[in-house]
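Dear colleague,

I am passing on the structure we spoke about, and my notes on it follow below. Please read them with the model open beside you.

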Amino acid sequence: MSKRALIILFIFLYPLSNLLAQETGTKDYPALGISFTIPAGWVGQEMEEGYLMASETEAGLILLLPHEENNLENLKREAQGGVNDEGISLALKGSITNFGDNGIGGEYSGVLQGTNAQGYLIGLINPYGAYGLTIMALTDEANYGPKYKTFAETVANNIRFYEVKIPPVVLEWQERLMGSKLTYLSSYSSGGGGSNARTTINLCRDRSFSFTSSSSLSIDVGGAFGSSSSNDNGTGLWEVISNTTGGPRLILNFQDGNQNSYDITVEGNNETHLNGRLYFLTYDPQCY
């Protein structure tokens, strides 16, 4: 179990210990265009993928998680399907209701880190088109009651969305990737077989892209031989946006409605990495 999971489980079952950084007041995230106020009697701490609040007197927790959905109807459909994340499996109880002009809410039950849980969830759309927020007020079955809906609503009513000022590093990568080709290569072989993989992403200056990916696997053990291969390709429009920490994120919006997302980092000897994988950055005259 991860450190994050242990912290969530402890706070979920008991009132606050000294596990959190105990931040209070207003938190502001200019890279996301989001600010919110921690309610009185609660303290908070940043987590890897969101923000966690715990009470000094109440069992349970409030989780704030960013999402990229900017259509309210789509958000409703996703909410009806429940929540499944690391250690969290929750199903909708009853129906979804509207929350203000840009949000929805609903009651959920299921399992959190192996413990039966109930909670109230609110999803908010960011009117500026950037990251929205999901607010989860959760506790175990024995402690759950109407006040957890109030906890979620209190946080949601104090969230402010505003227009993001694009970080300079994002603007730099928007320009750097125009007319580029990103290539990922992987190869492995042993006495029992091997594998190969290749992904190519062409990013044109008109913001169109082409994507191709192929992989193969072969096994040769004890006189038995087997092989498999797969191919994937597509086209669409690309963009570079800010991720939740203000860094650059490459988005591929495919024509079929699918989306690929890659956080861009520079490592080693000025090497370009997408989601931690090394991609060779070159420039293709055919797509310049």
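Which exposed residues does the face of helix 2 turned away from its buried side carry? They are R77 and Q80, where exposed means over 50% relative accessible area, buried under 20% and partly exposed in between, with a 1.4 Å probe and protein chains only.

Before going further, please note that this is a predicted model, in which local features need pLDDT of at least 70 and side-chain atom pairs count only at pLDDT 80 or more, while totals for chains, interfaces and linings use all residues. Residues are numbered from 1 along each chain as its sequence is written, and side-chain values use heavy atoms, with hydrogens and water left out.

The protein chain has four helices and 19 strands, these being DSSP runs numbered from the N terminus (helices H or I, at least four residues; strands E, at least two). Of its 288 residues, 44% are buried.

Helix 2 spans residues 72-80, and its buried residues are L75, K76 and A79. Because these cover an arc of only 105° around the axis, they lie on the same side of helix 2, the arc being that of the directions from the helix axis to the C-beta atoms. Their cover includes strand 5 (61-67), strand 7 (88-99), strand 8 (103-112) and strand 9 (115-124).

As for the two ends, at the start of helix 2 a side-chain oxygen of N71 comes to within 3.0 Å of the backbone nitrogen of E73, and after the helix comes G82, which has a positive phi, near 85°.

Conventions: Contact means heavy atoms within 4.5 Å. A polar contact is a pair of N or O atoms within 3.5 Å; within protein, one must be able to donate a hydrogen and the other to accept it, and residues adjacent in sequence count only if both atoms are side-chain atoms.
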